[in-house]
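Colleague: I would like to go through the ligand site and a few helix pairs. Please show me the model.

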Amino acid sequence: MKNIKDFDLDELKNELIGLGEKAFRAEQIFKWLYIEKVREFDEMTNLSLELREKLKQNYTMCNYKILKKQESPDGTKKYLFDVLDENAIETVLMEYHHGKTICVSSQIGCKMGCKFCASTGIKFVRNLSCGEIVEQLIAVEQDTNSKVSNIVFMGIGEPFDNYENVIKAIRIINNQKGINIGARHISVSTSGIVPRIYDLANENIQCTLSISLHATNDEKRSKMMPVNNRYKIEDLIKACKDYIRITNRRVSFEYALAKGNNDNIEDAKELVKLLRGMLCHVNLIPINKIENGEYNKSTNENIIRFRDYLNENGIVATIRRELGTDIDAACGQLRRKSLNK
Ligand code: SAH
């Protein structure tokens with residue numbers, strides 16, 4: 001059966017017309033799904049019984065069951081959701097001063113093989129559909145009885161390896177007739193699949209593009225991130241510059257600091273050279289060591305020195321607050337430890 005959350009509003013209108021109904025019913029259904037967040041078609045009380053029956057016969061609502069939920073004293077919550085085909089999805093909710101941020105997964109497993117990331121140990125199973133991405137947000141809002149204000153595509157998976165579903169999910173999340181999270185509150189993070197950066201630039205969505213850079217030369221970056229063998233730093237930076245020119249949007253670079261690997265002042269100098277003059281922001285992440293991983297967290301001293309060097313040399317850089325480390329919910333820690341699959 002089809003998942004009703006796999007359709008954007010226009011597609012839903014076509015579905016309704018296909019069922020012999022009027023297109024405006026789609027907007028009513030959209031509201032029930034994304035504003036009221038109902039879990040049953042029978043709760044859609046302004047639809048006729050007959051239409052509700054038709055919907056039940058043709059669609060599922062993809063309601064997630066929470067398999068496991070862990071909470072950290074810092075307010076971070078990690079969810080493991082049960083998907084219908086016996087796979088599981090991890091989602092994290094973080095509390096910041098400016099509101100709640102949800103970190104969603106875009107795939108079950110990941111193909112990118114970044115050496116410092118726990119998702120690398122998981123076999124790639126499949127892409128998540130757009131409805132499965134959106135449902136992460138709805139299920140978390142329902143569980144916490146609260147509204148999420150920001151969404152980042154930084155969970156398991158490479159969003160640009162599941163480009164179409166991710167873009168559609170963003171359009172649904174952004175739609176004013178539904179969830180209505182402003183595009184500026186949506187970030188998509190990529191390990192650097194260059195052609196998709198150009199695609200995103202032309203989508204006319206005002207979301208934030210985040211690039212996982214982590215190193216300033218090809219030798220070092222290729223060791224950390226195999227994707228760099230395909231798309232070199234020079235091409236990546238050029239794509240980012242083009243992205244900025246086309247969209248007028250600031251790009252965010254993520255840089256995970258690993259002791260003795262990429263946290264020297266020499267690295268900071270190279271980074272300044274690479275990003276000089278760009279409309280960008282650098283997010284420094286103290287690397288989270290993974291089981292059997294070769295990279296260790298930088299010292300606080302080095303992290304601060306690195307940040308200060310960037311800031312003194314015209315690159316805006318901040319250190320990302322670490323949340324949820326105690327429940328394996330911090331950057332790069334997500335994986336299906338608990339499922340044993
Ligand atoms: N595949 C996408 C999004 C998922 S990862 C990407 O690569 O951007 C989200 C962010 O966490 C990325 O910047 C990633 O490089 C970073 N990350 C992964 N493992 C990490 C770790 N062990 N410590 C710190 N950051 C990590």
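Colleague: How far is an oxygen atom of the ligand from an N or O atom in the side chain of Ser 212?
Modeller: This is a predicted model, in which local features need pLDDT of at least 70, side-chain atom pairs count only at pLDDT 80 or more, and totals for chains, interfaces and linings use all residues. Residues are numbered from 1 along each chain as its sequence is written, and side-chain values use heavy atoms, with hydrogens and water left out. A polar contact is a pair of N or O atoms within 3.5 Å. The ligand oxygen and the side-chain atom of Ser 212 are separated by 2.6 Å.

Colleague: How many charged residues are in the shell around the ligand?
Modeller: The ligand is surrounded by 19 residues (a heavy atom within 4 Å). Asp, Glu, Lys and Arg count as charged, Ala, Val, Leu, Ile, Met, Phe, Trp, Tyr, Cys and Pro as nonpolar, and the others, Gly among them, as polar. The shell has 8 nonpolar and 9 polar residues, and the number charged is 2.

Colleague: Are α10 and α11 roughly parallel or roughly antiparallel?
Modeller: Helix α10 (residues 265-275) and helix α11 (residues 300-312) have axes, fitted to C-alpha atoms, 10 Å apart and at about 30°. Angles under 35 degrees count as roughly parallel and over 145 as roughly antiparallel. The pair is therefore roughly parallel.

Key: A polar contact is a pair of N or O atoms within 3.5 Å; within protein, one must be able to donate a hydrogen and the other to accept it, and residues adjacent in sequence count only if both atoms are side-chain atoms. Axes are lines fitted to C-alpha atoms, for helices over the stretch in contact, and angles run from 0 to 180 degrees between N-to-C directions. Helices (H or I, at least four residues) and strands (E, at least two) are DSSP runs, numbered from the N terminus. Angles under 35 degrees count as roughly parallel, over 145 as roughly antiparallel, 65 to 115 as roughly perpendicular and the rest as oblique.
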